[in-house]
Amino acid sequence: MVGLYLNTNCLSAFSSYILLYWRNTVAMGHPFERSAESTAPVSLVYPSEGDDDTKSGINYLLEGFRETHPDVPIELEMVSADIVGLEVKTRVLRERSPDVWLEWPGRNVRPYQDADILLDLTDLWESTDMERAYLDGPKRAAQFDGCYRAVPLTIHRANSLFYHTELIEQADLEPERITTPQGLVDALERVASTTDAVPLALPMQNPWPVLQFWETLLLAEHGPRVYRSILDGAAHRNRDAIRGTLELLDQFTAYTAEDTLYCSLMEESHRFRDGEVAFFPQGDWVGGILEGEGMTYQDGWDHTPFPGTEGLYSIVMDALVAAADTDATEGTKRFLEYAGTAEAQVLFNQHKGSIPPRADVSMDAFSPFLQQQQRDFKQSTEQPFSIAHGLGVTPTQFVELKSAVVQFLTERNVDTTADELVEIFARE
């Protein structure tokens, strides 16, 4: 596993080379033999999450677009989510970038922005109702230096704590009354002593769920001010907070299954479904997984904000971005304009298992769980950008953070990992 993420670091360096190449050629006037045909097909690269991509929501959005814009052809290409970023960057290098692709917004797309690769969508936002209708958090994530470069499609929450209602009842616990991470540790100890279940699900096959859990603990223990300060380059000043949260993470791992180091998100979700695990700290996409597996919300499973993060809505977002050198400028803008409508966001999000980033979308067609998520978002006091999903850090930092997590899981050296995290965040 360590070797895998060292290789990923190499891909990050390769990505930096690609963007540097773009800046020194395309952005400086390198000639392209590209047509300005407005009727050219719009190529869309979208990450594939598995065999059944109908659940991704993109097919429903495209169906709605084709009904209203039959004269704009869309060529959808599904690419494995594991390599989609590399695929896009490779096409950029080959001067054949997709017209549109899905990305995490925020700092994740800063390298594209710095290399002048992204289409300026400010006119689109200002000439439609998008600027008025979008919520503040998504608007911030879509803007760079005063210009809009993305159209957010989704909002997910990363700081949720799911619990298996039958097991929690057996342990005589009330999750809503747990208010701190240490209180949750006490609850895990009670699950261990009163039931046969594993207290905590924490998939470790891929390091991002562990990184996400660490960022949630950081928010719970130290609040959004310290969290933002670390992301903004003041990690050295907050080393004690970083180190203490790693110690807490190590404490939590004692309540996981013996083989969790080799378990995926779906495997842990199935264990939770089958009543083998009591608590599952994860993003709200787990709610969609559980509903798809036949579990009933507020009966078989329920959720609460992770203890200590009440009022915070840790944001994970997907957004569409477009290449500045697109052949199909008119078709691309018409597609992005539709994607930013309330109609499109109902079609997409109710199947994706997320809430819309527009404030004016009716939630009537959404599940009760997602309706509750929307209410929680609107009532939240702050919406910090997730680290483990790229909004709060650059792509290079993201890869380096995952590598540091792998090292931590392998060596369990709190001080070494704390120093590594401080240096990574300091390179903001």
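Which residues line the second largest cavity? I looked this up first, keeping in mind that the model is predicted.

**Entry: second largest cavity.** I found its lining made of Ala158, Asn159, Ser160, Gln212, Phe213, Thr216, Pro281 and Gln282. The volume of this second largest cavity is about 30 Å³. I noted that H10 gives the most to its lining, three residues. By class, I counted three nonpolar, five polar and no charged residues there.

**Entry: largest cavity.** I then turned to the largest cavity, which holds about 50 Å³ of space. Its lining includes Leu211, Trp214, Leu246 and Phe408. H17 gives the most to this lining, with three residues. I listed eight nonpolar, one polar and no charged residues by class.

**Entry: cores.** I looked up the largest nonpolar core and found 55 residues in it. Trp214, Ile242, Phe279 and Phe425 touch the most other members. Helices H10 (208–231) and H11 (239–253) and strand S10 (277–282) are among the elements that give two or more residues to this core. H10 gives the most, with 12 residues. Another core lies apart from it, of 47 residues, including Val45, Val84, Ala115 and Ala319.

**Entry: His156.** I found His156 in strand S7 (residues 156–157). Is His156 buried or exposed? I noted it as buried, because its relative accessible area is 3%, under the 20% cut-off. The His156 side chain makes a polar contact of 2.7 Å with the side chain of Asp284. Another, of 3.3 Å, joins the side chains of His156 and Lys352. Beyond its neighbours within four places in sequence, I saw His156 in contact with residues including Trp285, Tyr313 and Ser354.

How values were computed. Residues are numbered from 1 along each chain as its sequence is written. This is a predicted model: local features need pLDDT of at least 70, side-chain atom pairs count only at pLDDT 80 or more; totals for chains, interfaces and linings use all residues. Side-chain values use heavy atoms; hydrogens and water are left out. A nonpolar core is a set of buried Ala, Val, Leu, Ile, Met, Phe, Trp, Tyr and Cys residues joined through side-chain atoms within 4.5 Å. Buried means under 20% relative accessible area, exposed over 50%, partly exposed in between (1.4 Å probe, protein chains only). Helices (H or I, at least four residues) and strands (E, at least two) are DSSP runs, numbered from the N terminus. A polar contact is a pair of N or O atoms within 3.5 Å; within protein, one must be able to donate a hydrogen and the other to accept it, and residues adjacent in sequence count only if both atoms are side-chain atoms. Contact means heavy atoms within 4.5 Å. On a 1 Å grid over the protein atoms alone, a cavity is a set of points where a 1.4 Å probe fits but cannot get out, and a pocket is an open set with protein on both sides within 12 Å along at least five of seven lines; lining residues have an atom within 4 Å of a point. Grid points are joined across faces, edges and corners, and a volume is the space filled by probe spheres set on the points. Ala, Val, Leu, Ile, Met, Phe, Trp, Tyr, Cys and Pro count as nonpolar, Asp, Glu, Lys and Arg as charged, and the others, Gly among them, as polar.
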